[in-house]
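Trainee: I have just opened this one and would like to go through it with you. Could we take it piece by piece?

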Amino acid sequence: MAREDSAGAARLLWTFERRFLAARTLRSFPWQSLEEKLRESSDSELLLDILQKTVKHPVCVRHPPSLKYIRSFLLELIKKPSGDWITLSESTAIISHGTTGLVTWDAALYLAEWAIENPAAFRHRTVLELGSGAGLTGLTICKACCPRAYIFSDCHSRVLEQLRGNVLLNGLSLEPEATADPECPLVTVAQLDWDVASISQLSAFQPDTVIAADVLYCPEVTLALVGVLQRLSACRRDQAPDVYVAFTRRNPETYQLFTTELGRAAICWEAVPPHDQKLFPYEGHSEMAVLRLTL
């Protein structure tokens with residue numbers, strides 16, 4: 001039986017390799033066969049082998065297909081060990097309905113990768129995400145890192161509507177009484193405007209971990225972020241939450257503003273070591289990092 005399983009996995013790898021290198025349509029890939037194989041064996045190494053045969057194949061490295069094709073392929077491949085998939089609805093426009101939050105940005109992918117390699121930062125904890133956007137980072141953490149509770153938050157009504165849809169699309173419940181499975185986190189989607197959020201509103205969340213991804217894109221938002229972090233630091237009587245902020249260094253002045261304002265607010269920070277596993281393609285000039293803040 002073990003020999004048959006090995007032969008089946010080899011055929012599956014061969015099919016993925018041939019179709020990816022030929023840039024075939026995603027619906028032509030044997031996704032159902034892969035899901036069945038994962039359910040039978042719970043072999044996470046199979047996914048790593050698929051990455052080596054596709055995105056990290058030497059031919060692909062030298063002559064890569066479009067970033068859109070690679071990203072779409074990888075979004076199909078994201079899963080937790082039980083074989084569940086993440087399905088995401090997002091806008092095709094960078095700015096839509098007056099917001100940038102309807103599309104997934106690179107730092108959100110980067111933070112999702114970091115979370116997969118560092119699940120202890122989220123396991124059995126209440127996590128508050130500031131500026132959740134389309135929700136990919138949070139959905140990854142909910143499925144791969146076993147948080148006790150997860151709070152998606154944003155301020156734009158269209159973003160919140162899309163977030164709720166993506167949560168439900170991935171089999172998570174927004175009804176507290178429906179969360180009977182101890183392996184499933186209690187999930188909330190909250191409207192949170194950093195400019196007006198009060199200490200009493202933030203205190204209701206009681207987060208153990210706070211995260212944010214790709215929110216350092218203009219001075220006004222950067223100042224608002226530092227302000228809400230200051231108020232969060234006053235919410236916990238016992239211990240301040242751990243805070244992780246992932247960002248793409250687009251404008252050195254904005255990054256400098258962020259670190260300067262952190263200093264003025266007496267918030268210490270340090271860069272966390274980069275993670276090893278690179279699952280997503282990024283623009284060649286993109287420089288990303290995760291900062292750990294101490295409130």
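Mentor: Let us begin with strands E5 and E7, which in this predicted model pair in the antiparallel sense over seven bridges.

Trainee: Which residue of E7 is the bridge partner of Val 243?

Mentor: Val 243 has Leu 293 as its bridge partner in E7.

Trainee: What does the side chain of Arg 292 meet?

Mentor: The side chain of Arg 292 meets that of Asp 242 in a salt bridge, at 3.2 Å from N to O. This pair links distant parts of the chain, because Asp 242 belongs to strand E5 (residues 242–248) and Arg 292 to strand E7 (residues 288–294), 50 residues apart. Asp 242 is buried, with a relative accessible area of 16%, which is under the 20% cut-off.

Trainee: Which residues are linked with Asp 242 and Arg 292 in a network?

Mentor: Arg 125 is linked with Asp 242 and Arg 292 in a network of salt bridges. As a general point, side chains of opposite charge can pair when their charged atoms come close.

Trainee: How many salt bridges are there in the whole structure?

Mentor: The structure holds five salt bridges. Another of them joins Arg 249 to Glu 287, whose closest N and O atoms are 3.4 Å apart. Arg 249 lies in the loop between E5 and helix H11 (252–264), and Glu 287 in the loop between strand E6 (268–271) and E7, so this pair ties together parts that are 38 residues apart in sequence.

Trainee: Are those two buried or partly exposed?

Mentor: Arg 249 is partly exposed, with a relative accessible area of 31%, and Glu 287 also counts as partly exposed, at 44% relative accessibility.

Trainee: Okay, new topic, helix H11. Which of its residues are buried?

Mentor: In H11 the buried residues are Thr 254, Tyr 255, Phe 258, Thr 259, Glu 261 and Leu 262. Seen down the axis of H11, these buried residues fall within an arc of 160°, so they line one face of the helix.

Trainee: What covers them, and what is on the face turned away?

Mentor: The cover over the buried residues of H11 includes helix H10 (219–233) together with E5, E6 and E7. The face turned away from the buried side carries the exposed residues Pro 252, Glu 253, Gly 263 and Arg 264.

Trainee: How does the span of H11 agree with what its residues should give?

Mentor: At 1.5 Å a residue, the 13 residues of H11 should span 18 Å, and its end C-alpha atoms are 18 Å apart, which agrees.

Trainee: What happens at the start of H11, and what follows the helix?

Mentor: At the start of H11, a side-chain oxygen of Asn 251 reaches to within 2.9 Å of the backbone nitrogen of Glu 253. H11 is followed by Ala 266, whose phi is positive, near 60°.

Trainee: One more place, Leu 163. Where is it found, and is it buried or exposed?

Mentor: Leu 163 is found in helix H8 (residues 157–169), and at 0% relative accessibility this leucine counts as buried. Leaving aside residues up to four places away in sequence, Leu 163 touches Ser 132, Gly 133, Ala 134, Gly 135, Phe 152, Asp 154 and Val 189. The C-alpha atoms of Leu 163 and Ala 134 are separated by 5.8 Å, although these residues are 29 residues apart along the chain.

Trainee: And for the protein as a whole, what share of the residues count as buried?

Mentor: Of its 295 residues, 50% count as buried, and the protein has 11 helices and seven strands.

Methods:
Residues are numbered from 1 along each chain as its sequence is written. This is a predicted model: local features need pLDDT of at least 70, side-chain atom pairs count only at pLDDT 80 or more; totals for chains, interfaces and linings use all residues. Side-chain values use heavy atoms; hydrogens and water are left out. A salt bridge is a side-chain nitrogen of Lys or Arg within 4 Å of a carboxyl oxygen of Asp or Glu. Helices (H or I, at least four residues) and strands (E, at least two) are DSSP runs, numbered from the N terminus. Buried means under 20% relative accessible area, exposed over 50%, partly exposed in between (1.4 Å probe, protein chains only). Contact means heavy atoms within 4.5 Å. The expected span of a helix is 1.5 Å times one less than its number of residues. The arc is that of the directions from the helix axis to the C-beta atoms. A polar contact is a pair of N or O atoms within 3.5 Å; within protein, one must be able to donate a hydrogen and the other to accept it, and residues adjacent in sequence count only if both atoms are side-chain atoms. Two strands pair if DSSP finds at least two bridges between them.
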